[in-house]
Amino acid sequence: MKEIKAADISAAVARMCMSANTKLPDDVRRKFEEGYKNETSEAGREIFRQLLENADLAFETKLPLCQDCGLAVFYVEMGEDVVVPGGINKAITEGMVTGYKDGFLRKSSCDPLTRKNTGDNTPAIIHIDLVPGDRLKISYMAKGGGSENMSRVTMLAPSQGWEGIKKFVVTRVAEAGPNPCPPIILGIGIGGTFEYAPKIAKKALLRKLDDVHPDPQIAAMEAELLAEVNKLGIGPMGLGGSYTCLAVKIAIAPCHIASLPLAVNVQCHSARHEEVEF
Amino acid sequence: MPTYSLNTPLTDADIEKLRAGDMVLLNGIIYSGRDAAHKKLSDLLDQGKPLPFDLKGASIYYVGPSPAPPGRPIGSAGPTTSYRMDAYAPRLYSLGLKASIGKGKRADAVKQAMRDFKGVYFGATGGAGALLSKCITASKVIAFDELGPEAVREMTVKDFPLLVINDAFGGELYAKPNLEE
Ligand code: SF4
């Protein structure tokens, strides 16, 4: 058994929340630089220029990259031999609350019907997977509302297959247009169940933008979908251009013989996430 | 691309010279308001009560800023997605609103209201909240403080960079997606 102190987890989570909201991940920055060089539309290039300037400024001033600091989503891989006295959920939640308060991050969580703000960005959205061993990995993502609103889950018929999947994704991005702050990133969950597909779709957004999926077939699917989506010409901020989407990340899971679940989690260019390991 | 420097409150003459694609540097007072604030503004209108600011010539910025750290007038302050205010916007344009500022597409009813009542819709760069906050030199909550980030704020802007997305003549800047079919 390995004991990890709740206070250490809270402190690390607070730090992650503040840091992820003010420092653009290096892989995202590299994509912005590439877009600034290669985007075909002038208006689109100007957007990349502004986003790079915004990232520099956020890093210098510690103002959040985007005012929507999101709901705080955590993917946790917790070893079966790990114990956290006091509880892992409480430790993460307390760290998140501290990070959002001390980092002057926006609290964006409210009651779904009265719309009253919960005041401290709670609840943290925490997904815990138990894994063998004694390690603990906590990944944090600030998930903004604008891009989340453009996401969809659907249950395709098995006969629709890959063609049906592509059509749904491309149509979704076309309909979303400028709304989710393109250039976007797509997390695609294929298979599983009604609730599992979006869970793996979002988790896929934790991957580096420039990594290549270890399964060559999935890597090819990601490349194909990226090319199809970028043919739409929506461009940065919807102003037209070749960079509508920066990367497509696909996660696949076996599903029921009757189903083809599909989740499209749209992420905006402000792809803020970090992880910590114990 | 024509660039105009405009001062609020905006006039019909200001609006008439703008076309989709123009760049505008906006100066003066603008008001923040997003989902919950729009609901409250609309309730006040239903009850025949005065609004917390004069709509005539006004510009509303769809924004819920992050908290101001010490020594700054405001935190990050980029636009939120505008379609969620579409249900309220036509009525506000009919009562004198001249400009709304946000990101993303507007409903036909909003575009029609902009034609009918001489209004425009400006786009600001989404996700550039730190950068845009540099152009906001002062900010104070003037209504609905209990809404936190959604409270209505009076903001002073200097050379606030905007693009005309929808003009008062039916023009639109956004690219149409190339979909076969
Ligand atoms: S979609 Fe993303 S970048 Fe755009 S406002 Fe929301 S969180 Fe910020």
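**Exercise 1. Is Asn166(B) buried, partly exposed or exposed?** Determine this class, and then describe the surroundings of Asn166(B).

*Solution.* The structure is a predicted model, and chain B averages a pLDDT of 97, with 99% of its residues scoring at least 70.

Step 1. Locate the residue. Asn166(B) belongs to strand 7 of chain B, which covers residues 152-166.

Step 2. Apply the cut-off. Buried means under 20% relative accessible area. Asn166(B) has a relative accessibility of 3% and therefore counts as buried.

Step 3. List the contacts. Neighbours within four places in sequence are set aside; Asn166(B) is then in contact with Arg106(B), Lys111(B), Met114(B), Val120(B), Tyr121(B), Gly171(B) and Glu172(B).

Step 4. Look for a polar partner. The side chain of Asn166(B) makes a polar contact with the side chain of Glu172(B), at 3.1 Å.

**Exercise 2. Describe the interface of chain A and chain B, beginning with the area that the two chains bury.**

*Solution.* For the model, the scores are ipTM 0.95 and pTM 0.96.

Step 1. State the area. About 3,100 Å² is buried between chain A and chain B, and 60% of this lies on carbon and sulfur atoms. On the chain A side, the most area is lost by Leu63(A), Gln67(A) and Phe104(A), which together account for 21% of what that side buries.

Step 2. Count the residues. Chain A brings 40 residues to the contact and chain B brings 41 residues.

Step 3. Examine the polar and charged pairs. Between the chains, 15 residue pairs are in polar contact. The rule finds one salt bridge across this interface. Lys134(B) forms a salt bridge with Glu53(A), with the closest N and O atoms 4.0 Å apart.

Step 4. Assign the chain A side to its elements. Helix 3 (42-61) and helix 6 (161-176) of chain A each supply at least two residues. Helix 3 of chain A gives the largest share, eight residues. By class, the side of chain A that touches chain B holds 21 nonpolar, 13 polar and six charged residues.

**Exercise 3. Which parts of chain A are linked by the salt bridge of Asp129(A) and Lys203(A)?**

*Solution.* Step 1. The side chains of Asp129(A) and Lys203(A) meet in a salt bridge at 3.9 Å, N to O.

Step 1. Asp129(A) is in strand 4 (residues 125-131) and Lys203(A) in helix 7 (residues 196-204) of chain A; the pair links distant parts of the chain, 74 residues apart.

Step 2. Asp129(A) is partly exposed, with a relative accessible area of 27%, and Lys203(A) is partly exposed at 26%.

**Exercise 4. Compare the exposure of the partners in two further salt bridges, Glu148(A) with Lys143(A) and Glu146(B) with Lys40(B).**

*Solution.* Step 1. Take the pair in chain A. Glu148(A) and Lys143(A) form a salt bridge whose closest N and O atoms are 2.9 Å apart. Glu148(A) is partly exposed at 30% relative accessibility, whereas Lys143(A) is buried at 4%.

Step 1. Take the pair in chain B. The side chains of Glu146(B) and Lys40(B) meet in a salt bridge at 3.0 Å, N to O. Glu146(B) lies in the loop between strand 6 (136-143) and strand 7 of chain B, and Lys40(B) lies in helix 2 (residues 35-46) of chain B, so the pair ties together parts 106 residues apart in sequence. Glu146(B) is exposed at 56% relative accessibility, whereas Lys40(B) is partly exposed at 29%.

Methods: Residues are numbered from 1 along each chain as its sequence is written. Chains are lettered from A and ligands numbered from 1 in the order in which they are written. This is a predicted model: local features need pLDDT of at least 70, side-chain atom pairs count only at pLDDT 80 or more; totals for chains, interfaces and linings use all residues. Side-chain values use heavy atoms; hydrogens and water are left out. pLDDT is the predictor's confidence in each residue, from 0 to 100. Helices (H or I, at least four residues) and strands (E, at least two) are DSSP runs, numbered from the N terminus. Buried means under 20% relative accessible area, exposed over 50%, partly exposed in between (1.4 Å probe, protein chains only). A polar contact is a pair of N or O atoms within 3.5 Å; within protein, one must be able to donate a hydrogen and the other to accept it, and residues adjacent in sequence count only if both atoms are side-chain atoms. Contact means heavy atoms within 4.5 Å. Buried area is the accessible area (1.4 Å probe) that two parts lose on being put together, summed over both. Ala, Val, Leu, Ile, Met, Phe, Trp, Tyr, Cys and Pro count as nonpolar, Asp, Glu, Lys and Arg as charged, and the others, Gly among them, as polar.
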